[in-house]
Amino acid sequence: MNTDEIEKYIELENQANQLIKKIEKEKNCDAKDLKWWHISNYLENNHKIVLVPLNKNEFSTIIADTYGIYGLTLKDSRMAMICYNNECIETRKNFTIMHEIGHFLLHKNNQTYPSLIQENDYTEEDKIFEKEANIMAGMLLANKKAIQTLLDDRKPFNYLCKYFGISKTALKIRLFNLFYFQTLEQILNEEKEIKDLYAYSHKTINNYIYYNYKLTIN
């Protein structure tokens with residue numbers, strides 16, 4: 001992972017945390033109690049976002065797509081309409097909504113951002129935007145403070161998936177990123193020495209998922 005990717009991850013995390021703090025203040029609650037719908041409700045009420053559930057046929061009236069679509073963000077200077085595929089399972093719908101909100105927060109141009117089921121249809125620029133929106137979706141679905149609290153209480157992986165309404169794949173990626181970057185910081189500060197950080201991080205996360213080994217996120 002290069003320096004630009006590290007800086008981008010930190011930038012995304014800071015943006016996610018700023019939004020979460022605003023919602024904490026408005027809702028008068030703690031970040032560990034925030035769920036994805038608190039975030040979508042806040043943005044609907046404060047930033048002129050409209051969430052629209054659509055089926056496959058309804059999507060086809062908006063955008064031509066051969067393979068299928070998870071979600072779509074339509075933006076202009078006045079508002080944003082976030083459409084999501086209501087035929088998907090709940091965890092996929094939750095992730096799609098947060099993914100499209102990621103586009104709204106991160107990508108300021110007034111344009112269309114489709115989330116396609118066949119990712120090989122993306123341009124190279126689209127792939128960058130999609131990766132950023134995916135990372136932001138994980139950060140919003142499962143915020144760091146809530147993860148820390150549940151891990152401190154020794155809650156197992158499946159409990160966290162149900163608590164956040166997030167898929168196993170998405171939560172595994174979220175935990176990997178959190179652990180990877182906190183360990184990288186320790187290495188850079190010469191607090192820890194690890195030869196293969198990528199493999200070490202994967203092993204640590206897998207030990208938590210499959211054996212419920214203690215996982216610490218600082």
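In which sense do strand β2 (residues 69–75) and β3 pair, and over how many bridges? Select both strands to find out: they pair in the antiparallel sense over five bridges, where pairing requires that DSSP finds at least two bridges between two strands, and where helices (H or I, at least four residues) and strands (E, at least two) are DSSP runs numbered from the N terminus.

Before going further, note that this is a predicted model, in which local features need pLDDT of at least 70 and side-chain atom pairs count only at pLDDT 80 or more, while totals for chains, interfaces and linings use all residues. Residues are numbered from 1 along each chain as its sequence is written, and side-chain values use heavy atoms, with hydrogens and water left out.

**The strands**

Stay with β2 and follow the hairpin of four residues that joins β2 to β3; then pick Gly 71, whose bridge partner in β3 is Tyr 84.

**Helices α2 and α4**

Now select helix α2 (residues 36–46) with α4, which pack at an angle of about 40° with their axes 11 Å apart, the axes being lines fitted to C-alpha atoms over the stretch in contact and the angles running from 0 to 180 degrees between N-to-C directions. The two helices are therefore oblique to each other, a class left over once angles under 35 degrees (roughly parallel), over 145 (roughly antiparallel) and 65 to 115 (roughly perpendicular) are set aside. To see the contact (heavy atoms within 4.5 Å), show Trp 36, Ile 39, Ser 40 and Leu 43 of α2 together with Asn 94, Ile 97, Met 98, Ile 101 and Leu 105 of α4.

**Leu 106**

Move along α4 (residues 90–106) to Leu 106, which counts as buried because its relative accessibility is 16%. Leaving aside residues up to four places away in sequence, Leu 106 touches Leu 12, Gln 15, Glu 132, Ala 133 and Met 136. As a last stop, draw a distance from the C-alpha atom of Leu 106 to that of Phe 129: the two residues are 23 residues apart along the chain, and these atoms are separated by 8.5 Å.

Notes: Buried means under 20% relative accessible area, exposed over 50%, partly exposed in between (1.4 Å probe, protein chains only).
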